[in-house]
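Subject: Structure handover

Hello,

The structure you asked for is below, followed by notes on the ligand sites. Please read the notes with the structure open.

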Amino acid sequence: MTGLFISFEGIDGAGKSSHIEALAQAFRDAGRSVTLTREPGGTPLAEKLRQLLLHDAMDPLTEALLVFAARRDHMVQVIEPALARAEVVVSDRFTDATFAYQGAGRGFDWNKLQILERMAQTGCALEPDFMREPDLTIWFDLPAAVAAQRLATARVPDRFEAQPQEFFAAVAAGYARRCEEAPQRFARIDAHQPREAVWQQVAQVLQQRGYLQQASGAAA
Ligand SMILES: Nc1ncnc2c1ncn2[C@@H]1O[C@H](COP(=O)(O)OP(=O)(O)OP(=O)(O)O)[C@@H](O)[C@H]1O
Ligand SMILES: Cc1cn([C@H]2C[C@H](O)[C@@H](COP(=O)(O)O)O2)c(=O)[nH]c1=O
């Protein structure tokens, strides 16, 4: 059995967190060990960087570098060891968020992000030149206006959540661009549906990819 790396993506309020534990449980029920984690965060150091990113003002390059610094620590300390143990790693956000938020949202140069992506995500797996990416990215696609309505009553906004709706429309376009660049890795979910219908789409993706069958077979 090999490790499996799945990321959840979408604009703030798209509904990711409502389904991530259910996805983890589906794998556990199929006999797999699951590491459930998040970005920015997932390690003590990266969680400290998360607090800075979510609450302190900074320029776009500083923001991009901090995001990748947190990611590198997360990969070295948590993601790669879990994949080496053949676990399923489920991360609430990964690098597509950086392209969507820092790239499309903030306007940071897409090509420079690609350079940082290669630097941060290479050299922590067994093969020295291998760049780690998710095997599957589940993208919760929701219009920015609907996400804003969902979040309006939800909580005190952080530095990203406090951005205007136009920012999130740009972020959503960034996700669409990443999806176009790697269509085989992405599964687009229509998140503008009732919760159960959204979950059915997620479950269908897992079935289509044979991930749960493979896990059941291995566990038997
Ligand atoms: N399908 C849905 N229909 C209506 N409301 C929903 C749906 N899914 C989630 N919500 C609500 O929308 C809000 C945001 O959901 P959730 O926290 O799961 O989103 P998220 O993508 O994880 O957001 P963030 O990235 O900001 O944490 C919550 O109040 C949640 O109860
Ligand atoms: C990984 C990553 C995240 N962000 C932003 C996106 C969100 O607004 C917050 C994380 O909060 P969440 O509600 O827990 O998803 O951070 C980002 O700007 N760049 C990134 O790479």
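**Ligand 1**

In this predicted model, a polar side-chain atom of serine 17 is 2.4 Å from an oxygen atom of ligand 1 (a polar contact is a pair of N or O atoms within 3.5 Å). Oxygen atoms of ligand 1 also lie 3.0 Å from a side-chain N or O atom of aspartate 12 and 3.1 Å from a polar side-chain atom of arginine 93. The protein buries 76% of the 630 Å² that ligand 1 exposes when taken alone (Shrake-Rupley areas, 1.4 Å probe). Around ligand 1 there are 15 residues, the closest being Lys16, Ser17, Ser18, Arg155 and Arg195 (a heavy atom within 4 Å counts as near). By class, that shell has 3 nonpolar, 5 polar and 7 charged residues.

**Ligand 2**

For ligand 2, an oxygen atom is 2.6 Å from a polar side-chain atom of threonine 98, and a nitrogen atom is 2.8 Å from a side-chain N or O atom of glutamine 102. The protein covers 94% of the 480 Å² of accessible area that ligand 2 has on its own. Its shell holds 14 residues, with Asp12, Arg50, Arg93, Thr98 and Gln102 nearest. They divide into 6 nonpolar, 2 polar and 6 charged.

**Conventions**

Residues are numbered from 1 along each chain as its sequence is written, while chains are lettered from A and ligands numbered from 1 in the order written. Local features need pLDDT of at least 70 and side-chain atom pairs 80 or more, whereas totals for chains, interfaces and linings use all residues; side-chain values use heavy atoms, without hydrogens and water.

Regards

Key: A polar contact is a pair of N or O atoms within 3.5 Å; within protein, one must be able to donate a hydrogen and the other to accept it, and residues adjacent in sequence count only if both atoms are side-chain atoms. Ala, Val, Leu, Ile, Met, Phe, Trp, Tyr, Cys and Pro count as nonpolar, Asp, Glu, Lys and Arg as charged, and the others, Gly among them, as polar.
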